[in-house]
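Colleague: I would like to learn how to read a protein model, one feature at a time. Could you walk me through this one?

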Amino acid sequence: MRKLLPFLASLAVALAACGGNGGGGGGGGGSGAQDPIRVGLIVSLTGNYTPLGSEDKKAVELAVEQVNAQGGLLGRQVELVVRDDKTAPDQGIVAYNQIKGEIDALIGPVFSNSALAIEPLAQREKMPYLSLAPAVEQVEPIKSYIFVTPALSSMYAERYLQYIQAEGIKTIAVAWDSKSAYSVSGHESMVALAPKYGVTIAVDEPYETTTADFSPVFQHVRDSEAEALVFWGSGAPGVTAAKQYAASGLKTPLFLTASQASKLWLEPMGEAAEGMTVQSAIGVVGEHLPDGKQKQVIEQMAKPYLEKHGYPPPQFAQDGYSASLLLFEAIRKAGGTDKEKVQQALETMDLITPNGRFRYSPTDHSGLTPEYISVNTVRDGAFVPTEWAREQLTKTVAGLG
């Protein structure tokens, strides 16, 4: 088994390693050894996914500040080239075409529909691309230059089914956004995997991103034998549906996916969120992990993020920071920004990040497994791992040291 990269004792050690000796292969707009390394970042800064994209941007900016403070990568400073996809696939394409000639690699977008629109362009032009969206279609089938940073929607589906099985639940309802690639992908995976875990889907309810009234969904659940309602959605629908659920009096437990693992969901929900079940990346609940390498790398991000922004890094920030670490390490391993060498370095990556341990390979461009996903309960306005999740996560991180 490949040896884990020994950068985890402290972030300073990690970034010093990234800033070690080495040449700089050309990419983007220049090939001189001291030219900056230019990283494109396309995220939603306006539109429905603004709350997600803004957190990704903060996290990537933090990672860039930290690596530059340690001398940069291979003696070169890192510069961000940021564009807004406006939560629209066509605007994602516009943004990519604006910057493709001046960047060495690309991070983003968080909106799955935009990510899928950019993907064929990046692949055609051999642009190393770390997506912040979890749609399965990005990496199934494999495209050589496309990598995903969040756990795939199929992994979130399977992790919930593992939890549902452990809780003895046999019948569920599923609501999903038919206009969101993330939601559609998660729903399809849950339907496909449910028999494996002995789970029956009694209510299968599509809605649209613009839906303002979820009472028909709740009535269908109330009239069914469902023992839990799994809600797939991102952005505004997650708040709207959860608020209406709390007011509906429906007793069937509501299970929300990791798109709600943020203060941007917690704050508008207020006390109504108490007791709800919400998935998240492992980094969101890092304080509840036992001491070790995984907790160390989470804290290396979480502490400065909290100091800078006044709140812990949410789900989307975990994704942006993890993508940055993966790209920085790939550039260091490649000895520069030659795109083919960076792609090859990513395909042999074995790295612990706030999202968990990534092990990319030529046949796996998602790199994570469901074991790095937590299932949480909201307690006193914070995400706390369920007893089942705490036991599972402890086992997962034990092998990392």
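Predicted model: local features only at pLDDT ≥ 70, side-chain atom pairs only at ≥ 80, totals over all residues.

Colleague: Which strands pair here, and in which sense?

Modeller: The general idea is that strands of a sheet pair through backbone hydrogen bonds, either parallel or antiparallel. In this model, strand 1 pairs with strand 3 (residues 105-107) in the parallel sense, over 3 bridges.

Colleague: What is the order of the strands in the open sheet?

Modeller: The open sheet has 5 strands in the order 2-1-3-4-5, and the pairing is parallel. Strand 2 and strand 5 (146-148) stand at the edges with a single partner strand each, so one side of each has no neighbour in the sheet. On average, neighbouring strands of this sheet are turned by 20° against each other, direction ignored.

Colleague: Which strands does helix 3 touch?

Modeller: Helix 3 (residues 89-99) packs on the sheet and touches strand 1, strand 2 and strand 3. The direction of helix 3 makes about 145° with that of strand 2. Then look at helix 4 (residues 112-124), which lies across strand 1, strand 3, strand 4 (129-131) and strand 5. Helix 4 runs at about 165° to strand 4.

Colleague: Now the side chains. How many salt bridges are there?

Modeller: For the general idea, look for a side-chain nitrogen of Lys or Arg within 4 Å of a carboxyl oxygen of Asp or Glu. By this rule, the model has 13 salt bridges. One of them joins Arg38 and Glu79, whose closest N and O atoms are 3.4 Å apart. Arg38 is in strand 1 (residues 37-43) and Glu79 in strand 2 (residues 78-84), so this pair, 41 residues apart, links distant parts of the chain.

Colleague: Are Arg38 and Glu79 buried, exposed or partly exposed?

Modeller: Arg38 is partly exposed, with a relative accessible area of 26%, and Glu79 is also partly exposed, at 35%. Arg38 and Glu79 also belong to a network of salt bridges that includes Glu102.

Colleague: Which residue forms a salt bridge with Lys308?

Modeller: That is Glu65, with the closest N and O atoms 2.5 Å apart. Lys308 sits in helix 10 (residues 293-309) and Glu65 in helix 2 (residues 50-69), and the pair links distant parts of the chain, 243 residues apart. Lys308 is partly exposed at 41% relative accessibility, and Glu65 is partly exposed with a relative accessible area of 41%.

Colleague: Where do Lys196 and Glu158 lie?

Modeller: The side chains of Lys196 and Glu158 meet in a salt bridge, at 3.0 Å from N to O. Lys196 lies in the loop between helix 6 (181-193) and strand 7 (200-207), and Glu158 in helix 5 (residues 153-166), so the pair ties together parts that are 38 residues apart in sequence. Lys196 counts as exposed at 57% relative accessibility, whereas Glu158 is buried at 16%.

Colleague: Last topic, pockets. What is the volume of the largest pocket, and how many residues line it?

Modeller: The largest pocket has a volume of about 460 Å³. Its lining has 23 residues, of which Gly283, Val284, Glu287, Pro312 and Pro313 lie nearest the centre.

Colleague: Which element supplies the largest share of that lining?

Modeller: Helix 10 does, with 5 residues. Helix 9 (263-269), helix 10 and strand 14 (382-385) each supply at least two residues of the lining.

Technical notes: Residues numbered from 1 in each chain as written. Heavy atoms only, no water. Helix = DSSP H or I, 4+ residues; strand = E, 2+ residues; numbered from the N terminus. Buried < 20%, exposed > 50% of the residue type's maximum accessible area, 1.4 Å probe, protein only. Pairing = 2+ DSSP bridges. Axes fitted to C-alpha atoms, helices over the stretch in contact; angles between N-to-C directions. Contact = heavy atoms within 4.5 Å. 1 Å grid on protein atoms, 1.4 Å probe; cavity = no way out; pocket = protein on both sides within 12 Å on 5 of 7 lines; lining within 4 Å. Points joined across faces, edges and corners; volume = space filled by probe spheres on them.
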